[in-house]
Amino acid sequence: MRNATLSKSHFDAVLFDLDGVITKTAGVHAACWKKLFDDFLRDHAISTQQVFVPFDPVSDYTKYVDGKLRQEGVADFLASRGISLPLGDSSAACGQHTVRGLACRKDEIFNTVLQEKGVEVLEDGLALVGHVRANGFKTAVVSSSKNCRLVLQMANIEKLFDIRVDGVTVEQLGLKGKPHPDTFLKAADMLGVQPKRSVVVEDAIAGVQAGRRGNFGLVIGVDRLGNASALRNNGADIVVTDLKCFIV
Ligand SMILES: [Mg+2]
């Protein structure tokens with residue numbers, strides 16, 4: 001792990017991803033995606049008379065799903081298996097074998113788990129938010145999740161961020177999700193800071209790609225799953241396993 005300083009002379013704001021950076025929900029998401037895709041892949045294997053190959057909650061999750069908008073995660077993972085489903089009707093029943101039907105079902109599974117288990121925070125991420133705020137930085141939470149606000153409320157940490165850009169904002173404003181830089185750029189704009197004077201903190205490949213494409217001043221990759229080299233190769237300037245190393 002490298003030591004680094006987040007200096008006010010270089011930066012004005014820190015833009016935090018939520019799942020896997022501030023809250024432990026990345027693992028919950030991965031488990032929910034596995035349930036969703038394994039149910040689908042089992043049915044698909046039977047109907048096409050192929051072997052059932054389950055979803056890998058580490059490699060498939062990090063490569064195709066993590067950090068992305070829900071529908072894009074569904075389409076990108078299925079494409080990796082050579083499966084293409086119709087987009088489907090937005091009012092269609094959850095669980096239908098369409099991109100929207102599976103995305104909707106994923107949300108159902110996630111919400112059930114959330115209500116049962118609650119939200120766990122990641123102490124190092126939370127400590128860094130507190131530290132940078134105490135040092136006068138502006139803070140934003142930038143998440144692809146439409147459940148971002150609910151997760152923040154359940155963890156009682158909503159007030160730690162000056163603004164929130166999430167899956168709901170994406171839909172309302174017609175933004176492109178990560179790996180496009182739009183959500184982070186919108187957050188910087190809302191805070192009134194320049195991207196070059198803003199720091200992005202991300203645990204997903206799609207997230208560090210977004211930070212790099214937006215030309216942010218510093219992209220910090222948080223390695224929660226042993227994917228440090230993938231984070232580095234996709235745009236992280238520095239990769240750490242514990243965000244407390246920035247608290248000096
Ligand atoms: Mg994340």
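Predicted model: local features only at pLDDT ≥ 70, side-chain atom pairs only at ≥ 80, totals over all residues.
The crossing in which α3 passes α4 is right-handed. On the α3 side, the contact involves Arg70, Gln71, Val74 and Ala75, which meet Val99, Arg100, Leu102, Ala103, Lys106 and Asp107 of α4. By class, 5 nonpolar, 1 polar and 4 charged residues make up the contact of α3 with α4.

Helix α4 also packs against helix α1 (residues 25-48), with axes that come within 9 Å and cross at roughly 135°. This angle makes α1 oblique to α4, and the crossing of α1 and α4 is right-handed. From α1, the residues in the contact are Val28, His29, Cys32, Trp33, Lys35, Leu36 and Phe40, while α4 contributes Leu102, Arg105, Lys106, Ile109, Phe110 and Val113. The contact of α1 with α4 divides into 9 nonpolar, 1 polar and 3 charged residues. Leu102 and Lys106 of α4 are listed in the contact with α3 and also in the contact with α1.

The strands considered here belong to an open sheet of 6 strands with parallel pairing, in the order β3-β2-β1-β4-β5-β6. Strands β3 (163-165) and β6 (238-240) stand at the edges and have a single partner strand each, so one side of each lacks a neighbour in the sheet. On average, neighbouring strands of this sheet are turned by 20° against each other, direction ignored.

Within the sheet, strand β1 (residues 13-16) runs parallel to strand β2 (residues 138-142), and 4 bridges join the two. In this pairing, valine 14 stands opposite threonine 139 of β2. Strand β2 is in turn joined to β3 by 3 bridges, and these two strands also run parallel. Here valine 141 stands opposite arginine 164 of β3. Strand β2 is mostly covered, with 4 of its 5 residues buried.

Helix α8 (residues 182-191) is likewise mostly covered, as 7 of its 10 residues are buried. These buried residues are Asp182, Thr183, Phe184, Leu185, Ala187, Ala188 and Leu191. The elements that cover them include the strands β1, β2, β3 and β4 (198-202), together with the helices α7 (167-173) and α9 (205-213). Sheet strands β1, β2, β3 and β4 are thus among the elements covering the buried residues of α8. After α8 comes glycine 192, whose phi is positive, near 75°.

Technical notes:
Residues numbered from 1 in each chain as written. Pairing = 2+ DSSP bridges. Axes fitted to C-alpha atoms, helices over the stretch in contact; angles between N-to-C directions. Left-handed = near helix turned anticlockwise from the far one by under 90°. Contact = placed C-beta atoms within 7 Å. Nonpolar A, V, L, I, M, F, W, Y, C, P; charged D, E, K, R; others polar. Buried ≥ 20, exposed ≤ 12 C-beta atoms within 10 Å, placed from the backbone. Parallel < 35°, antiparallel > 145°, perpendicular 65-115°, else oblique.
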